[in-house]
Amino acid sequence: MLRLLLVPLTVGGLALILAGCGIADGGAVVAVAGDARSGRTAGIDDAEFERHVRELERRLPSDEFHIVVERPFVVVGDEAAETVRRRANETVKWAVDLLKRQYFTRDPEHIIDIWLFRDKASYEKHARELFGRRPTTPFGYYSAAHRALVMNISTGGGTLVHEIVHPFIRANFPDCPAWFNEGLASLYEQCGEKDGRITGYTNWRLAGLQQAIRDGRLPSFERLTATTTEEFYNEDTGTNYGQARYLCYYLQEQGLLAKFYHAFRRNVRDDPTGYRTLQTVLGEEDMESFQRRWEQFVLGLRRE
Ligand SMILES: [Zn+2]
């Protein structure tokens, strides 16, 4: 079972790394990693990746940054060259391959950059300089407008996997509501591999959710799934992510999560909230009684 670990931080000096092709310095010809199994980014050829990398090199804030092409992403980071390469391979490629195995057939339409800033100072400074905004989260975010994942990688690889899910949802399930987009993404912020499948583990969101259950503060699943994007993000009383994540966790543990994803995606025009599809996949008539059983399940979980 593979788990994502935090790695020590160091600073290196090489300018360009070619994933799967060893390490090269800034003057090397750009090669692109990828094989038949990981697939090709739809409509994006090697020459376009090469152009993109050349352009990116010109925009790098300093010579401490390294670039690794890991389709459909380009990973850019200011940790040691070897560390950036390892994250591209062991986190990005690993997660992309496993996520595709269960969920996604389409790559994002455009090349997406994954910026891995080595600490809080680098993250805040460069997010402002490169994207013109101060981050609102200490961990990282996905900016569809900038076609970028912007990460403070010192907070761990889990947030990176969370953010990788979002551009794939955008490409494969554009009508996915925020509750399921965030539920699925946050499931994998603590994850590993079990029987060849990407698998979410219990994590830091559990304690707050258990407390909310004990306090009787959770909305019904009908209410949660009906939240608009605005409501999910801006009117969250602190339980939306946890409730969505542990619903996905429950489905995963029942072997129903991938089935729910594909059924919801197929039915989204008729069932935009996913609530009816959820009922069908669970085989539940009485969702109030389901919620009580699910709450007991969550109360019985321990943080791994
Ligand atoms: Zn998210």
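**Close-up views of a predicted model**

**View 1. Contacts across the chain of the predicted model.** Of the contacts in the chain between residues at least 6 apart in sequence, 64% join residues at least 24 apart. The chain has 304 residues, of which 41% are buried. Its secondary structure comprises 12 helices and nine strands.

**View 2. The largest nonpolar core, with 71 residues.** The members that touch the most other members of this core are Val75, Ile114, Trp115, Leu116, Leu149, Met151 and Ile164. Helix 2, spanning residues 81-102, gives the most to the core, contributing eight residues. At least three residues of the core come from each of domain 1 (16-172) and domain 2 (179-299).

**View 3. The surroundings of Ile114 within the core.** When residues up to four places away in sequence are not counted, Ile114 touches Phe73, Val75, Val76, Val92, Leu149 and Met151. Among these partners, Val75, Leu149 and Met151 are also listed with Ile114 as touching the most other core members.

**View 4. The packing of helix 5 against helix 9.** Helix 5 (residues 178-187) and helix 9 (residues 240-253) pack with their axes 8 Å apart, at an angle of about 70°. The two helices are therefore roughly perpendicular to each other, since angles of 65 to 115 degrees count as such. Their crossing is right-handed.

**View 5. Residues at the contact between helix 5 and helix 9.** Helix 5 takes part through Trp179, Phe180, Glu182, Gly183, Leu184, Ser186 and Leu187. From helix 9, the contact is made by Asn240, Tyr241, Ala244, Arg245, Leu247, Cys248, Tyr249 and Gln252.

Methods. Residues numbered from 1 in each chain as written. Predicted model: local features only at pLDDT ≥ 70, side-chain atom pairs only at ≥ 80, totals over all residues. Helix = DSSP H or I, 4+ residues; strand = E, 2+ residues; numbered from the N terminus. Buried ≥ 20, exposed ≤ 12 C-beta atoms within 10 Å, placed from the backbone. Contact = placed C-beta atoms within 7 Å. Core = buried A, V, L, I, M, F, W, Y, C linked by C-beta atoms within 7 Å. Domains from an automatic or database assignment. Axes fitted to C-alpha atoms, helices over the stretch in contact; angles between N-to-C directions. Parallel < 35°, antiparallel > 145°, perpendicular 65-115°, else oblique. Left-handed = near helix turned anticlockwise from the far one by under 90°.
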